[in-house]
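Trainee: Please take me through the aromatic ring pairs. A close look at that one part is enough.

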Amino acid sequence: MSTYNRCQMQLKPGAFFMYVNGLENSSLDAQNSADAIRSLLGIHTNSISVDYYHNETNMAGYVASTFFNHGQEIERQNASAYQLGNILQDKLQDRYNICDSESVIYGVVFAHSHGAALTDVALNLIQQQYLKHLIVICYGGAKLIPKSKAVMIVNHIRKKDHVSHLAVTLSSNDKSMATIFQRYSSLRIMGKTKQEAISSMATEHTIAAAIVQLMDDKSQRRNHSLQERLHHLSVVIDSYNVVVHPTLREDNPDCSSSTPDDDQDQTDGSFWAALKKTAKAVGQSVAKEIRTAVQEHKFSTYMAQVSNDVSSMLSGSFPYQDH
């Protein structure tokens with residue numbers, strides 16, 4: 001697993017937490033998630049407010065804006081992001097004191113799934129002096145947010161949260177980034193240090209092609225030196241805080257007992273029986289992967305990490321600087 005330096009910060013008395021939900025969530029769903037965060041505060045419930053911003057985007061709207069560049073839906077989502085930005089700006093401004101150092105945190109945004117994409121746009125509207133006192137933590141985000149956009153930004157993704165991986169890949173600006181971070185994350189989970197992972201990636205053809213897409217190189221030359229690839233990978237990795245977590249065990253694994261049809265196939269040595277059995281096994285495997293991906297993407301699945309994040313913030317220790 002990745003290791004992280006601890007950053008000493010403190011939540012200002014009267015600080016706020018803001019939850020931003022993902023796709024297909026009702027206002028009640030968003031409120032319930034905010035309540036779950038509130039329940040983690042314990043004795044701090046009186047000094048920290050917990051609010052939520054209801055992201056009304058549904059799957060149809062996401063598909064329309066992502067695949068069909070639907071202008072009206074894109075404008076609606078941008079308007080929603082602007083509203084979120086104005087709310088955050090007002091909250092930060094109300095708490096602003098020019099004498100506060102950057103270690104004093106006024107607010108924390110918890111963004112899930114598409115809520116991260118909305119938050120990414122909203123951050124563009126907030127004045128810089130306020131962003132120095134804002135933390136953004138994304139869980140299964142549909143967008144990787146660079147850490148330069150606030151005093152601290154963390155992108156949490158579960159290893160088999162393929163919903164998040166796909167959404168990040170579909171973001172036109174992040175396709176090459178997704179390739180790099182998926183490989184980087186897998187190497188870190190295998191136990192490699194940050195530098196070891198970067199050194200390994202710099203020699204891989206797929207990563208080299210991704211670097212070409214990211215580099216501002218009009219010639220699009222593909223013979224960058226190893227040193228150039230190492231440098232650019234370091235710059236990209238250092239621009240984001242991405243934390244990848246191992247997959248949870250499924251609570252109800254598929255039963256392996258045979259059905260009568262299975263038994264019949266096992267005794268039938270024909271080609272078609274074997275093909276049918278193989279197709280069924282493949283179908284079950286794909287279905288299981290889909291169920292796992294959906295389960296891994298749920299905000300409730302990330303709650304253990306949310307709990308760790310809240311505990312860290314309450315103690316003034318933020319372990320998110322990758323090294």
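Mentor: Seven aromatic pairs turn up, where rings of Phe, Tyr and Trp (its six-membered ring) pair if their centres lie within 6.5 Å; planes under 30 degrees apart count as stacked, over 60 as edge-to-face and the rest as tilted. F17 and F110 form an edge-to-face pair, because their centres are 5.1 Å apart and their planes stand at 75 degrees. F17 belongs to strand β2 (residues 10-20) and F110 to strand β4 (residues 104-112), so this pair ties together parts 93 residues apart in sequence. Strands (E, at least two residues) and helices (H or I, at least four) are DSSP runs, numbered from the N terminus.

This is a predicted model: local features need pLDDT of at least 70, side-chain atom pairs count only at pLDDT 80 or more, and totals for chains, interfaces and linings use all residues. Residues are numbered from 1 along each chain as its sequence is written, and side-chain values use heavy atoms, with hydrogens and water left out.

F17 is buried, at 0% relative accessible area. F110 is buried too, at 0%. Buried means under 20% relative accessible area, exposed over 50%, partly exposed in between (1.4 Å probe, protein chains only).

Now Y96 and Y130. Their ring centres lie 5.2 Å apart with planes at 80 degrees, so this pair is edge-to-face. Y96 sits in the loop between α3 and β4, and Y130 in helix α5 (residues 128-131), so parts 34 residues apart in sequence are tied together. Y96 is partly exposed, at 32%, while Y130 is buried, at 6%.

Finally, the cluster. Ring pairs link F17, Y19, F110, Y139, F299 and Y302.
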